[in-house]
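Work through the exercises below, and try each one before you read its solution.

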Amino acid sequence: MTAGSGAGPELRGEDVPLDALAGGAGGPGALGPLLATVLDSLDAGTALRSGPLPAGSPGEIAALVADALSAADGRGALARLTELLAYGAADPADPACAAHLHCPPLAVAAAADLAVSALNPSQDSWDQAPAATALETALLAELAALVGYDPARAAGVLTSGGTESNLMGLMLARDQKLDGIVELDGIPPGGRPCILASQAAHFSVQRAAALLGLGELAVIAVPVDHQLRMSTEELERALAEASWAGRTPIAVVATAGTTDTGAIDPLNAAADLAGRYGAWLHVDAAYGGGALLSDRLAPLLDGIARADSVSLDWHKLGWQPAAAGVFLVRRAETYVSLARRAEYLNPVDDEQAGYPSLLGRSLRTTRRADAFKLAVTLRTLGRAGLGGLVDACHELALAAAAAVRAEPSLELHAEPVLTALLFRYRPPGPTDEATVDELNGQLRRLLLRTGRAVIGRTELPGVGPGRVRLKLTLLNPHTTAGEVAALVREVVGAGRRVAGDRAG
Ligand SMILES: *Cc1c(COP(=O)(O)O)cnc(C)c1O
């Protein structure tokens, strides 16, 4: 294997055939000038935008898109539309873009992902992805060890994210705990299975229950404390009540890093209780799994290794381009109900001859090699390098909380656990809770409309007014404490404007 062997010469932009392929000997030569175009257009589009997102209403942005789509054709389409994409982005690399678990990807990860796009391996059969199949298997063993599983006994797969991983965990729980009853007869009316998850668990848990034929009402919402952490006593009570009522608790879902506050449910207590009631323990660590990279924060996830299955998302605290979800089980044999034999993908004789297949690990068939960018990133930065980025974002969240506390018109909900915090704007003087809710919603839309900041808006569990909160999710490790303080001042300024408009 010599460098450049077989690679064609790089073409000039105007000589790249419109239908050139990305792979093969000529692929890199054709991609070179197209990439140069993409990079120039990313620069140009980003320079046109003065904040983290374009100023304007959704209708104005849609009109820009319609214009660009009608004007772009032929060789110019790539430049024109890439510039539009960059201009019209909510760019998570901008320090004032801090609403969601929406990370700025690392350049090395995006570059690695380009290699995957060019070669297009598909993980459903070895003959579409020889090296990528082995690489995914090796990466999953590393991630199993990171969680604390025995890599020789664990198994898993790359997924589209926490939503798919949660579905898989609950599907295996159903199949293990209902013991084939579902396959034969449908859900037994008497046994009425249930799933216990906190009020702050991700909505994909309910959706998974519905998809699995259990119904959304099969999910019992366990109350949380002020930080939005599941209460152990309430979980114990809910499990006891469910069994008295003759229901079968098939799974406990513990969240390690709730989407809004980063709260980490009591994992050891959840494992004890799930064990006592014969339920599967699924730990949704889509957000908090990144803490495993940090020596300082990893102890918060103590107990995760006792889970039967785990969701991790490296497109959150992992700085990967989406998607980079991971689903893991502690014992490979619990995967049995997902096994599939498709004669055209994993015939028995191929497997007996030593050709491995990942088909039975996934709900999907065609599947991108999302493991590759993560393997490259882990090799490039190491766990310690990535852990340093996690720590930097944790520090930023603490700095943001301090900035919020220092503003008399802002009210901090709770100290950050990981990298997110909730707070709200409260205008001076008596204001009823419903009005405070409205003002917070309005100030967030004002920041979007002016293109000055992207901050989150959510609601605390419960009913009635006074539950609207603003959210900062800090995932840009290069943002400075000064930039976070400036973002907090933007929020106060927007709050004054909407409160003033209302008063005036
Ligand atoms: C983000 C998130 C999910 C959903 O993950 P996707 O990757 O968006 O599918 C599930 N659970 C938690 C706790 C999350 O934060």
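**Exercise 1.** How does the lining of the largest pocket divide by class?

Solution. Start with the counts: 19 nonpolar, four polar and four charged residues. Here Ala, Val, Leu, Ile, Met, Phe, Trp, Tyr, Cys and Pro count as nonpolar, Asp, Glu, Lys and Arg as charged, and the others, Gly among them, as polar. Keep in mind that this is a predicted model, and totals for linings use all residues. Residues are numbered from 1 along each chain as its sequence is written.

**Exercise 2.** Where does the largest pocket lie?

Solution. First, the term: a pocket is an open set of points on a 1 Å grid over the protein atoms alone where a 1.4 Å probe fits, with protein on both sides within 12 Å along at least five of seven lines, and lining residues have an atom within 4 Å of a point. Next, check the domains: domain 1 (31-87) and domain 2 (114-379) both supply lining residues, so the largest pocket sits between them.

**Exercise 3.** Which residues are closest to the centre of the second largest pocket?

Solution. Begin with its space, about 660 Å³. Of its 36 lining residues, A200, A201, H202, F203 and T259 come closest to the centre. Finish with the classes: this lining has ten nonpolar, 18 polar and eight charged residues. Domain 2 (114-379) and domain 3 (382-503) each provide at least three of the lining residues.

Note on methods. Predicted model: local features only at pLDDT ≥ 70, side-chain atom pairs only at ≥ 80, totals over all residues. Heavy atoms only, no water. Domains from an automatic or database assignment. Points joined across faces, edges and corners; volume = space filled by probe spheres on them.
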